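This report concerns strand pairing in a predicted model. Please consult the sequence and the structure shown below while reading.

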Amino acid sequence: MYKKLLLLILLLLGFSIQSQIVSKDFRRTKFNILTDSIQIDSVAINSQKFRVLDAKQHIIDPQEYQINFLKALLIIDSKIHSEITVEYFRFPEFITKVYTPFDKNRIVPNNTNTGKLYSFTTNKKASITPLFNGLETKGFLTRGITSGNNQNAVTNSALDLEISGKISNSVSVRANIFDTNIPLQENGYSQNITDFDRIFIELYSKNWRVKAGDISLQNNESYFMTFSKQIAGLEIEAQVNENLKIGASGAVVRGKFNTFTLVGNEGNQGPYKILGPNNEPAFVMIANSESVYVNGVKIEAGENKEYTIDYNLSEITFNTTFPITNDMRIWVEFQYSDRNYTRFVTYEQAKYTSEKLNISGYFYSENDAKNQPLQQVLSENQKEILANAGNNTDLMVSESAFLDEYSENKVLYKKSIRGAIEFFEYSTNPIEDLYTVRFTNVGSNKGDYILSRTVSSGNIYEYVGINLGDYNPIIKLVAPSKVQVFVVKSDYNPNKKTTIQSEIALSNNDANLFSTIDDTENKAIAAKIGWQQILIDKKWQLKSTINHEYVQQNFNTEQGWEPVEFNRDWNLLTNNATKNYFQSNFTLQNKKKDFVFYQYNNLSYDNSFKGNKHEIQSKIRLHQTSFSADASLLKNSSSEENNSFLRAKATVEHQFSKSWAGAYTQLEKNSRKDNNQEYINTSHQFKEYETYFGIGDTATVFSKFGYNYRNNDSIKLNQFTEINHRKTFYFNSKLIANKNTQLSVYANYRMTKNAFRQNEKSLSSKVMYQQKLLVDFVNFNIAYETSSGNIARQDYIYVKTEIGQGFYTWIDYNSDGVQDFDEFEIAQFQDQASYLRIPLPNLRFIATQSAKWKQSIGINFNKWSGKDGFQKILSHLSNQIFLTVNNEQERVGTSFNFNPFDFNEDKLLGLNYSFRNQLYLNRNLQNYSATLTIGNSKNKQQFFIGSHGKQQSSNTNRF
C-alpha cells in the first residue's frame with residue numbers, strides 16, 4: 001500500500017514539474033514599429049496561443065492586425081501602435097529544418113567547365129504572374145439620406161478605403177483614401193472642406209518608393225534644417241546603388257509655421273486660446289502639426305497623455321493628470337492654413353554612405369506665387385506700399401475705410417474732427433457720408449481706438465487719442481515671401497574611436513517679394529564642426545567632444561534649430577546677430593550606464609553679448625540606490641546687463657523588494673542687473689523639494705504617494721521677495737490590472753499661499769474603472785474626473801441672409817434703428833427668417849470647477865455566433881449604452897465641484913449631458929447593417945448677454 005502511495009506521489013510531482021517547464025519553442029519578442037509590416041521570425045509559427053500586446057501589455061484585438069503564420073509576417077497600423085510585444089510558439093525544429101541528401105559544406109561551385117552547355121526544353125509557356133495578384137482592400141463606403149420632423153431631407157456619404165498588397169512581382173502598393181461630406185464644424189474656422197478629406201498612396205519596391213497625396217515631409221538628420229511639414233503633393237525616393245540614395249518632392253503647401261507662447265494660470269487646465277501669426281483669434285490650425293513644450297520639455301497629445309487640442313477652435317486643454325501651475329511656460333509650435341497666396345514647396349536630398357564617410361545634401365525651397373493671390377486681393381496702391389516697405393512689417397499697412405451705403409445691418413462710421421485730428425466716429429445717420437472701417441489690433445497703447453461695445457451686427461470702436469488705445473483703422477498687408485535653405489552634412493570615421501562631423505548651410509529668406517529694399521539681408525551662412533574622440537575604452541569609457549557653431553546674422557530656417565528655451569537659458573533679449581558658439585565636454589561612463597558628464601559652453605554675439613556656462617550631470621547606481629545630479633552656472637554680460645544664472649537638481653531613489661522611495665530638490669536663481677547694478681524685474685528664483693513613496697510595479701499594479709513644496713521669489717523694491725509658496729499632495733495608482741478588471745486612481749491637491757493676492761486651492765482627480773464580464777459578453781467602463789478650468793463666454797453677431805434662408809428675425813422694439821441683441825427672436829414663420837447668428841472666436845472665459853462622468857456598457861451578442869436557435873438569432877445584435885456628463889460651476893474661492901449630477905441652475909455655468917442607447921444589427925459587417933439610436937441631451941452655454949440652455953430628445957434609425 002505504501003509503495004503504491006509513494007508511486008502516486010512521484011507521478012503527481014513529475015506532472016507538476018513538467019507543467020512548470022516552458023517550451024523551448026516559446027518566444028516573447030518586443031518590436032518598435034516603424035512600418036506596418038513586421039517579420040516576426042525566420043520560420044513558420046504556430047497559430048495556437050498567439051498574442052500581440054501593446055506598450056502597456058494589454059492584449060490587442062485580433063481585428064486590429066493581420067497575421068500570416070506560414071510566413072511569420074504581421075501587419076499592424078504603425079500610427080496606432082508604436083511598440084508591441086508578440087508571444088508565440090515556433091514549430092519544432094524537426095518540422096522547420098531543411099533536409100538535404102548532401103552536406104552543403106562539401107558542395108563546391110563548378111567553374112572549371114568552359115564547354116558549351118545544353119539544356120532540355122519543353123513547349124510549356126513560361127508562367128506569368130497576373131497583375132494585382134494578392135491585393136487586399138478593406139474599409140467602407142456609405143450613402144445615406146437623413147430627414148426629420150424639423151429638417152429637410154439631406155444626403156450624406158463617406159468613404160474610408162485601405163489598399164495594400166502587390167500589383168506585380170516587384171511592386172507593392174499601400175493606400176488610404178478618406179472622404180466625407182461632414183459640414184463645417186459649429187463655432188469653428190474650418191473654412192476649407194478639403195481639410196476633412198485625405199488621400200495617401202504609396203508605391204514601393206526594393207530600390208524605390210513613390211508617395212502621393214497628403215504626406216508629411218520630415219528631416220531629423222540635419223542640425224540646421226530640422227523640420228516637419230504637412231503637404232499635399234508627391235515624394236520620390238530611390239536607392240541608386242549600395243551607397244547612394246536620392247529623393248525629391250514637390251507640393252502645394254497646406255500651412256505655414258508659427259509659434260505661440262503663454263504662461264499657465266494656477267490650477268487652470270484650460271482651454272487656453274492659441275492666437276494666429278498676427279495675434280488674430282480666427283485662423284485654421286492644421287491638425288496634428290503641433291509640438292507643445294512645457295518648461296522646455298516636449299509633452300504628448302492624447303486623452304491619456306498630457307493635452308488635447310480643439311483644432312476647430314484653436315484651443316488647448318491640459319488633461320487632469322497633468323496639473324497646470326502659474327510657473328509653467330507653455331510653448332506651442334504649429335502650422336496654420338495660409339490662403340493669401342498659392343504657395344509651393346520643393347525638397348531634394350542625396351545621401352552617400354560608406355564604411356568611413358557619409359555625405360548628405362539637402363535643398364529646401366518654399367515660396368509664394370506673388371501673382372497668384374487667393375484670399376488677399378491687392379490693389380495697385382497696396383502693391384506700391386509693399387514695394388516701398390522692404391522687410392519692415394510696420395510699414396505693410398493700408399487704410400481700411402471706404403465709402404459705403406447706409407444699412408441697418410452694418411456698423412458704419414462718419415469722419416469727425418477734434419482739433420487738428422480727423423478720426424472715425426460711429427454713426428447711424430443715413431444722410432451723412434458713412435464709411436465701412438476695419439480695425440486691427442496693433443498692441444496695447446500703440447493704437448488710437450478701443451473696443452467700445454458689441455452690437456448684433458458687429459463691434460463698435462471709439463477714438464480715445466493717439467497711442468491711448470489698442471486698435472487702428474488699418475489692415476495689415478501680407479507680403480509674398482520666399483524661404484530657401486541648402487545644407488551639406490558629412491560624417492567621417494577614420495577609426496572606431498574617432499568621429500569628425502561638419503555641416504554647412506546657406507539660407508535665402510526674402511520677406512517681401514514685391515520689394516528689392518533690404519534684399520542685402522536675405523542671404524546668410526551657418527556652419528558647425530565637431531570632433532568626438534574616445535580616449536579610454538575599458539571598464540569605464542572616457543569620451544570627449546568639441547563643437548563650434550558659427551551663424552551669420554539673418555540666417556534663418558522656417559522652423560528654427562535652437563532649443564525652444566535657448567534665449568531663456570542664456571538670458572538673451574534677441575539673438576538676431578552673428579553668433580559664435582563653442583562647446584567642449586567630457587563623458588565618463590561604464591557599461592551599467594553610470595556616468596559623469598561635464599561641459600563648458602562659450603556663446604558670443606557681435607552685438608556685445610558674451611556668456612560662459614558650466615554644466616555637470618551625473619547618474620550613479622549603488623546596489624538598490626540611484627543618485628542623479630544636474631547643475632549649470634551661467635555668467636553673461638552685454639551692453640545693457642550683467643547676469644548670473646544658477647540651476648541645480650539632485651535626486652536620490654532607493655528600491656526595496658516590493659516598493660521604492662525617493663526625493664529630489666531643485667533650485668533656480670537668475671540674477672539680472674543693469675549697468676547701475678539694479679535688479680531687472682525679470683530676475684527670479686525658486687526652491688523646490690519633493691519626496692515620494694511607492695508600492696508595487698509601475699508596469700502592473702502600484703500605488704505612489706508624494707509631497708511637493710515650492711516657493712517662488714521675484715523682485716520687489718530691488719530685492720528678492722517671496723511672492724508665493726505652494727504645497728502639493730498627490731496620489732497615483734493602478735490598483736487592479738488583469739485581463740478582466742482595470743482600476744486606476746489619481747489625485748492632486750494643491751494649496752498656494754500668495755503674498756500679494758488671494759490664496760488659491762486646486763484639486764484634480766481621475767478614477768478609471770473597466771470591467772469585462774462573461775468572457776467579453778459585457779463590457780463596462782466608467783471615468784470620473786474633477787478639475788479646474790474655464791468656460792468660454794461666447795460672442796456672436798447676426799448676419800442678414802436671403803428671406804427664408806435664416807433662423808432669426810429682428811423686431812425694432814425701441815424704434816431707434818439699432819439692432820440690439822435682445823431684439824432678435826426665433827422666426828415663427830419661414831418668410832420672416834432672414835438672419836443667421838454667427839459665433840465669434842472665444843476671447844473671454846469664466847473660471848470654473850468641473851466634474852465629469854463618462855460611462856459605457858456594451859453587450860456583445862455575437863459571442864453566440866456559434867450557437868443554434870434563438871441564441872444564433874441574437875448573435876446578429878449588439879447594444880451600447882453611453883452616458884456623458886460634463887458639469888461646470890463657477891469657481892468661487894476654494895470651493896470644489898464633486899457632483900457631476902448637480903444641475904442646480906443657480907450654480908451651473910456650463911453643462912453637456914448626453915444619454916444614448918444604440919442597438920446594432922450586423923455591426924461592422926458588409927452588405928447591410930442597421931442601427932437604432934435613442935438619445936437625450938441637455939446643454940447649457942454662456943453668452944455675453946446671458947446663458948442659453950437647450951434640451952433635445954431624438955430617435956434615429958439608420959440602415
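In which sense do strand β55 and β56 pair, and over how many bridges? Strand β55 (residues 908-921) pairs with β56 in the antiparallel sense, and eleven bridges connect the two. Within this pairing, L911 is placed opposite K940 of β56.

Strand β56 (residues 930-943) also takes part in other contacts. With strand β57 (residues 946-958), β56 forms an antiparallel pairing that extends over 13 bridges; here S937 lies opposite Q952 of β57. A parallel arrangement links β56 to strand β48 (residues 778-794), and two bridges join them. R793 has Q942 in β56 as its bridge partner.

A separate topic is the open sheet built from three strands, which are ordered β15-β19-β18 with antiparallel pairing. Because β15 (272-273) and β18 (307-310) each have a single partner strand, both stand at the edges, and one side of each is left without a neighbour in the sheet. The pairing of β18 with strand β19 (residues 315-318) comprises four bridges in the antiparallel sense. Y307 stands opposite F318 of β19.

The pairings described above are collected in the following table.

| Strands | Sense | Bridges |
|---|---|---|
| β48 and β56 | parallel | two bridges |
| β55 and β56 | antiparallel | eleven bridges |
| β56 and β57 | antiparallel | 13 bridges |
| β18 and β19 | antiparallel | four bridges |

Definitions and conventions: Residues are numbered from 1 along each chain as its sequence is written. This is a predicted model: local features need pLDDT of at least 70, side-chain atom pairs count only at pLDDT 80 or more; totals for chains, interfaces and linings use all residues. Side-chain values use heavy atoms; hydrogens and water are left out. Two strands pair if DSSP finds at least two bridges between them.
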